[in-house]
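Visitor: I'm new to this one and would like to learn how to read it. Could you walk me through a few features?

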Amino acid sequence: MSMDYLDGRDDAVLTILKITDEVNQLKDVDTILDKILYESRRFSGADAGSIFLVEDGRLIFGYVQNDTLFKTEAANSALYQNFGIPISEESIVGYVAKTRQNLVIDDAYELDPTLPFSFNKSFDEKSGFRTTSMLTIPLIAQESRLVGVLQLINAKNESGAVVPFSDEAKTYIPLFCNNASVAIERGIMNRELILRMMQMAELRDPAETGAHVQRVGAYCAEIYGTWAARRGHSGKEIKGIRDNLRLAAMLHDVGKVGISDAILKKPAKLTNEEYDIMKWHTVYGARLFRNQTSELDRMSMEIALCHHEKWAAPGYPSIPLDQVWAKAPDLGGAPLNGEAIPLTARICAVADVYDALASPRSYKDPFPDEKCLGILEKDAGTHFDPEIVEIFFEIFDVIKAIRVKWAETPRT
């Protein structure tokens, strides 16, 4: 064995360890999937790839990247596809999930017809993409739990030509995946914990559903990504903030657990007195994050407290940040307007109001898109930061894809 080979192997292992450490710093499952897929593609030279996650005994589409068809940093509706594949030998990812074995294919169009699995050409036919080489790997976490399947597509050489995956990729990407699977499982648990917290709010306020907070979190992440890209922020910085923002936005109304059922579940319009009591949910929510140990805590507090403030009109609770912890703060002081409102809360304001307009409620049917967008446009510059509304319109195809992915489940 040559010393050059040993040096190359050591470099690869050190790279994997470094990337694994970076993945372990992330909290939200979508950001974790994005990082794992990006780094796996970079290491192997793959043009595209996707990750499927195991859910209820099926493989559910989780994440996708494709340099040929779309930019990885741009807001993209393809990230919110909503379909599943059985864990069976008929499909390539299903076969890998069932056998828990890596699968290497040099040309997807030249598969032996006697193989139990086959290549589904429908995506290529629809998009004009040409799938050739494939590296598909099971994602197995602790105690041999299957978390999902990672699939890399079209390794490229230095000239940009599609080639089979290298021996190095076939050796080291599975090693990375063994470590990354644990991070994926942790990211899923983080989101589940937040959804369970929000189930407490849902018990109090029927409008505060898991689907609602998933949508609001995703809307906020996509709006922020476009806002930051406009300003030339680095991809690493954008992903780091998105990681926290998505989870923090899901907690925007967690303070409703402190409001009485008589107000939260009232089927009619609130009186002025009841509305004043409702305003306290912003303070109650912010107070949950008093002992701040992370950027996520700080961001969650900002959003909970300020997502009902208005760009150029009186909002609420309009109290200085240092009064949040006072025993009896005076709500309704000097309005918090413009850029004095934290960016995260300005983004969440648009996302939350849109979702309330577009969703069914006990007192109304969902508004059609035209009416929702008309309200946002009318209130841009008074209620909402006008640039955030502009970005919302710009990425509305992504917003619609998110809305479909986390559609409300009819109550029985």
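This is a predicted model: local features need pLDDT of at least 70, side-chain atom pairs count only at pLDDT 80 or more; totals for chains, interfaces and linings use all residues.

Visitor: Okay. How do I read charged side chains, and how many salt bridges does the structure hold?

Guide: The general idea is that side chains of opposite charge can pair when their charged atoms come close. In this structure there are 30 salt bridges.

Visitor: Let's take one. What does Glu39 form a salt bridge with?

Guide: Its partner is Lys35, and the closest N and O atoms are 2.8 Å apart. Both residues sit in helix α2 (residues 29-44), and because they are four residues apart there, about one helical turn separates them.

Visitor: Is that pair buried or exposed, and how would I tell?

Guide: Look at the relative accessible area: under 20% means buried. Glu39 has 4%, so Glu39 is buried. Lys35 counts as buried too, at 17%.

Visitor: Which residues are linked with Glu39 and Lys35 in a network of salt bridges?

Guide: Lys18, Glu22 and Arg42 join Lys35 and Glu39 in that network.

Visitor: What about a salt bridge between separate helices? Where do Asp355 and Arg215 lie?

Guide: First, the contact: their side chains meet in a salt bridge at 2.6 Å, N to O. Asp355 lies in helix α12 (residues 343-358) and Arg215 in helix α6 (residues 210-230), so the pair ties together parts that are 140 residues apart in sequence. Asp355 is buried, with a relative accessible area of 0%, and Arg215 is buried as well, at 1%.

Visitor: And how do Arg403 and Asp369 meet?

Guide: Through a salt bridge between their side chains, 2.7 Å from N to O. This pair links distant parts of the chain, with Arg403 in helix α15 (residues 396-405) and Asp369 in helix α13 (residues 369-379), 34 residues apart. Arg403 counts as partly exposed at 23% relative accessibility, and Asp369 is partly exposed at 25%.

Technical notes: Residues are numbered from 1 along each chain as its sequence is written. Side-chain values use heavy atoms; hydrogens and water are left out. A salt bridge is a side-chain nitrogen of Lys or Arg within 4 Å of a carboxyl oxygen of Asp or Glu. Helices (H or I, at least four residues) and strands (E, at least two) are DSSP runs, numbered from the N terminus. Buried means under 20% relative accessible area, exposed over 50%, partly exposed in between (1.4 Å probe, protein chains only).
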